[in-house]
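Colleague: I would like to go through this model with you and ask, for each label you use, what stands behind it.

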Amino acid sequence: MDVLNLVLFVAGALVFASVLTGLFSARAGFSFLLVFLGAGMLVGEDGPGGVEFDDFRLAFWVGNAALAVILLDGGLRTALGTFRTGLKPALGLATVGVVVSAALTGAAAAWLLGVDWRLGLLAGAIVGSTDAAAVFSLMRTSQLRLNERMATTLEIESGINDPMAVFLTMMLIAWITTPQGQDAASLALLFAQQAGGGLVVGLAGGWIVGSLLNRIRLVGEFEALGALLLLSSGVAVFAGANMAGGSGFLAVYLYGLVVRHRAEALVLSALAAMDGYAWLAQAAMFLLLGLLVTPTRLMDHLLPALGVAAVLMLVARPVAVWLCLAPLRFKAAEIAFVSWVGLRGAVPIVLAVFPMVAGVPQARLLFDVAFVVVLASLLLQGTTMRWAAQRFGVNLPDVADEPAHRALFGDFVLDGGTPLADLCSFYGLPLPEEGPRDLAGWLAWRLGRPPVVGDTTEWAGAQFSVRALDGGRIARVGLRLGAPAGP
C-alpha cells in the first residue's frame, strides 16, 4: 500500500502542478502540451526525479488510446455542416499534403542525419502529419476568429491525416525490415484495407450508436452518463476498426462526427465532460512521452534534428499546402497561415515508437529527431499562432472593434438579393458582364468556392465582403468604396 500511495501521490501532484503551470503558460502563448512534456522530462532519468523509463510498448499502447480519445473529442466537436467549406481542402492536405511533406522532409533527413534514404523517408513519414491534440488545444487557447473555411480545414485535416501518416510509417517499416515481401500490390491492398476498414467501421458504428443514443433521454443524476457512453463506445469503435485491419484513428474521428449529427442534443450536453477526458488523455500521453526522452542524448544530434524541423516548417509544409490549396482559390495569405500552423504534437512521437517496437535499425535516432521536431514546432509555431493570424490578416475582427470591423466589412450593408444592375447604377460602378445578376449569386460566383463570413473580392474600386450566411447562401454583403481597383 505504501508503494501504491507513493505512486498515486506523485502522479496526482505531478498532473496538478502541470495543469496549474499550464494555465499560466497558456496566457503567455505557450502550449499546455509543452508543460506536460517538460514535466515528464523533469521526472525522467536526466531530471531531478531520476526515473529510468524505457518501456516503449507501454508508451505505444497509452499513446494510441490517448489519441483515440482526443480524435473522438475532435469529431464530436465538428458539425457536419462545416464540411461544406473544409472537407475538400482538408482531404487534399491529409493525403497528397502528407505524402509531399513526408517526401521532402525525408530527403532532407537522409542528408542531414547521414542515414539510408529509406530511414530518411521513415523520419519524414513520422513527422509528416499535423497533430489533432496540438491544433485543437491551441485553436481554443489562442482565441482566434478565423473564417469557417480556414478553421474547419485545419481541424478536419488534423483529425483525418493521421491514418495517412500511420500508413506511410507502417509501409516504410515493413519495407525496411522485410523488403522482399513488399510490392506495389501488397502496399495498395494495405492502404485500401486501412482506409476502407476505418471508413466503414466509423460510419456504421456512428450511425448505429448515434441512432440508439438519440432515443435516450438522460435527466437528473443520469445526465453525467452521456460522456461515459460516448467515450466507451468510441474506444470500442477504435479497437474494433483496428481488429478488422482498418484505421482506428480514422474510424473514431468519423464515429464522433456521425454521432454528433445523429444525437446532437446528448453530445452537446456531454462536451464539457468529454473535454475533461481529452485533457486527461493528453496529460497522460505527454507525461509518458516526456519520461521516454533522455535530453543528454538529444544533444548528440541536435543540430541535424533542428535542420529537419526547419525544412519541415519552412519548405516541406509550405510546398505541400500550396500544391493542395492554390487550385482551390485560397488566397496567398490564407495559404501562408495554414502553412505556418501545421503543428506537430504527440502523433509524431507516438509514430516514432513504432520503429522501436518493430526493431528498425537506428530507431532511437528517429525517436530523438521526432521529439526535437515536435518541441521546435510547439515552441515556434505554437507560440506565434495568434501573431501569424494578425500578420497575414486572417483573424476576423471582433464586432466591438469598430475600426477593424469597418475596414473588413465596409460602411454599407446590402441584402444578398439586391439586383446587381440596381446596385451598380446607384453607386456608379460598371456592371459586370459575367456571372449571376443578383448580388449574392454574383459574389459567390466571383469567389469561386463555397462562401464563408469574411470572404472579400474587389471590383472597380469597391470591396464586397460576405457579412452573413443563411443555409450556405450569402444573406448580407458589406460594401466598402474606395478600395484598390480590381479587374
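This is a predicted model: local features need pLDDT of at least 70, side-chain atom pairs count only at pLDDT 80 or more; totals for chains, interfaces and linings use all residues.

Colleague: What makes you say that the side chains of Asp116 and Arg118 meet in a salt bridge?

Modeller: A salt bridge is defined here as a side-chain nitrogen of Lys or Arg within 4 Å of a carboxyl oxygen of Asp or Glu, and for Asp116 and Arg118 the N to O distance is 3.2 Å, so the pair qualifies. In general, side chains of opposite charge can pair when their charged atoms come close. Residues are numbered from 1 along each chain as its sequence is written, and side-chain values use heavy atoms, with hydrogens and water left out.

Colleague: Why are Asp116 and Arg118 called partly exposed?

Modeller: Buried means under 20% relative accessible area, exposed over 50%, and partly exposed in between, with a 1.4 Å probe and protein chains only. Asp116 has 35% relative accessibility and Arg118 has 25%, so each counts as partly exposed.

Colleague: How many salt bridges does this rule give, and what is the N to O distance for Arg149 and Asp455?

Modeller: The count comes to 12 salt bridges, and in the one between Arg149 and Asp455 the closest N and O atoms are 2.7 Å apart. That pair links distant parts of the chain, 306 residues apart, with Arg149 in helix 7 (residues 148-160) and Asp455 in the loop between helix 21 (439-447) and strand 2 (456-459). Helices (H or I, at least four residues) and strands (E, at least two) are DSSP runs, numbered from the N terminus. Both Arg149 and Asp455 are buried.

Colleague: Why are Arg364 and Asp368 described as about one helical turn apart?

Modeller: They are four residues apart in helix 17 (residues 363-381), which means a separation of about one helical turn. Elsewhere, salt bridges that share partners join Arg149, Glu334, Arg449 and Asp455 into one network.

Colleague: How do you know that Ser465 is buried?

Modeller: Its relative accessible area is 1%, so Ser465 falls into the buried class. Ser465 lies in strand 3 (residues 462-470), and its C-alpha atom is 7.3 Å from that of Leu408, 57 residues away along the chain.

Colleague: What makes Trp322 exposed, and where does it lie?

Modeller: Trp322 lies in helix 14 and has 51% relative accessibility, so it counts as exposed. Trp322 also belongs to a nonpolar surface patch with Leu104, Leu314, Val315, Val319 and Leu323, and together these six residues have about 550 Å² of accessible area. Patches are made of residues with over 30% relative accessible area and no salt bridge, like charges being joined within 9 Å and nonpolar side chains (Val, Leu, Ile, Met, Phe, Trp, Tyr) within 5 Å; the areas come from the Shrake-Rupley method with a 1.4 Å probe, and for residues only the protein chains shown count as cover. Helix 14 (residues 302-325) supplies the largest share of the patch, five residues.

Colleague: Why is the protein chain called as compact as a globular protein of its length?

Modeller: The chain has 21 helices and four strands. Its radius of gyration is 24 Å, close to the 23 Å that the globule rule gives for 487 residues, so the chain is as compact as a globular protein of that length. The radius is taken over C-alpha atoms, and the rule is 2.2 Å times the number of residues to the power 0.38.
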